[in-house]
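Subject: Structure handover and interface notes

Hello,

Here is the structure for you to look over. My notes come after it.

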There are 2 protein chains.
Amino acid sequence: MLQNDGFRALDRQMCLRLLARVPVGRVVYTKQALPAVLPVNFCLDADSSVLLRTSAGSDLVRAIDGAVVAFEADEFDAATRSGWSVVVTGRACLLTDADAHAPRPAGGPDSWMPVRDDVLVRIESEVVTGRELTGG
Amino acid sequence: MLQNDGFRALDRQMCLRLLARVPVGRVVYTKQALPAVLPVNFCLDADSSVLLRTSAGSDLVRAIDGAVVAFEADEFDAATRSGWSVVVTGRACLLTDADAHAPRPAGGPDSWMPVRDDVLVRIESEVVTGRELTGG
């Protein structure tokens, strides 16, 4: 699946709607010149950027602050061989204190893990692509 | 979750056992100097490499043949806020006809989509890391 053209492309609005209904996505970035990926909890900001909460001193923040990253979320059902995948590509940046006080949905993204010295990272949704697999 | 050290690291054997029980993972690579990610069906080879089937002329093959990529799979449960994530990092290579006739599990990976001029791509499991989130 998802390796050829036999898919329905999803428009930006549909992609954002799908993203909003899952709690976990994956940050895709480069770490020491190698491709890297990390699942994280996230939410969407008012301007449809991806927001995630992490520790100020984390490897993730060091690797992605200021860099262009991809962010992927999906849902698949093995029984029907159907599902969807959405990828946001854009610049990641650590939010400053001033940014962090801007209004955002219900206090920002929840995290399933306690986070020390938490900071918010925003990934701008510059390019949003998505595909739906409708099953065979 | 997965942003700090509050996780149980999984050993290679457990990582491979978890990988073997999910049908979909995500190839993480670089495309035109940007991070890219694509969900695919996969299986594990006898030597624990990741095998996936795709179209010979696909963008994916062009981008990853000969390159070091990451391959990620995970399962999370929102109700218990628990789950696991495994990442394989290694070189991807298109299998030649000779390679493709080597024994492998039940004909190799199934694909949820019809694939034209199908080829097999192997990702060597050079580095395998995994983490378990046991829930709060």
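Ground rules come first. This is a predicted model, in which local features need pLDDT of at least 70, side-chain atom pairs count only at pLDDT 80 or more, and totals for chains, interfaces and linings use all residues. Residues are numbered from 1 along each chain as its sequence is written, chains are lettered from A and ligands numbered from 1 in the order in which they are written, and side-chain values use heavy atoms, with hydrogens and water left out.

**Symmetry**

Two copies of a chain are related by a rotation about an axis and a shift along it.

**Interface**

Contact (heavy atoms within 4.5 Å) involves 43 residues of chain B and 43 residues of chain A. The two chains bury about 3,600 Å² between them. Of that area, 64% is on carbon and sulfur atoms. Buried area here is the accessible area (1.4 Å probe) that two parts lose on being put together, summed over both.

Between chain B and chain A there are two residue pairs in polar contact, both at pLDDT 80 or more. A polar contact is a pair of N or O atoms within 3.5 Å; within protein, one must be able to donate a hydrogen and the other to accept it, and residues adjacent in sequence count only if both atoms are side-chain atoms.

Which elements of chain B give two or more residues to the side that touches chain A? They are β2 (24-31), β3 (34-41), β5 (50-55), β6 (68-77), β7 (82-94) and β9 (127-133). β3(B) gives the most, with eight residues. Strands (E, at least two residues) and helices (H or I, at least four) are DSSP runs, numbered from the N terminus. By class, this side of chain B has 26 nonpolar, nine polar and eight charged residues. Asp, Glu, Lys and Arg count as charged; Ala, Val, Leu, Ile, Met, Phe, Trp, Tyr, Cys and Pro as nonpolar; the others, Gly among them, as polar.

**Salt bridges**

A salt bridge is a side-chain nitrogen of Lys or Arg within 4 Å of a carboxyl oxygen of Asp or Glu. Four are between chain B and chain A.

A:R26, A:E72, A:D74, B:R26, B:E72 and B:D74 are linked in a network of salt bridges. B:R26 pairs with A:D74, with closest N and O atoms 2.7 Å apart. B:R26 is in strand β2 of chain B and A:D74 in strand β6 of chain A, so the pair joins two chains. B:R26 also meets A:E72 (3.5 Å, N to O). B:D74 bridges to A:R26 at 2.7 Å between the closest N and O atoms.

Buried or exposed? Buried means under 20% relative accessible area, exposed over 50%, partly exposed in between (1.4 Å probe, protein chains only). A:E72 is buried at 0%, B:R26 at 5% and A:D74 at 10%.

Elsewhere, A:K31 and A:D59 form a salt bridge (3.9 Å, N to O). This pair links distant parts of the chain, 28 residues apart: A:K31 in strand β2, A:D59 in helix α2 (residues 59-64). A:K31 is partly exposed at 34%, and A:D59 is partly exposed at 45%.

Best wishes
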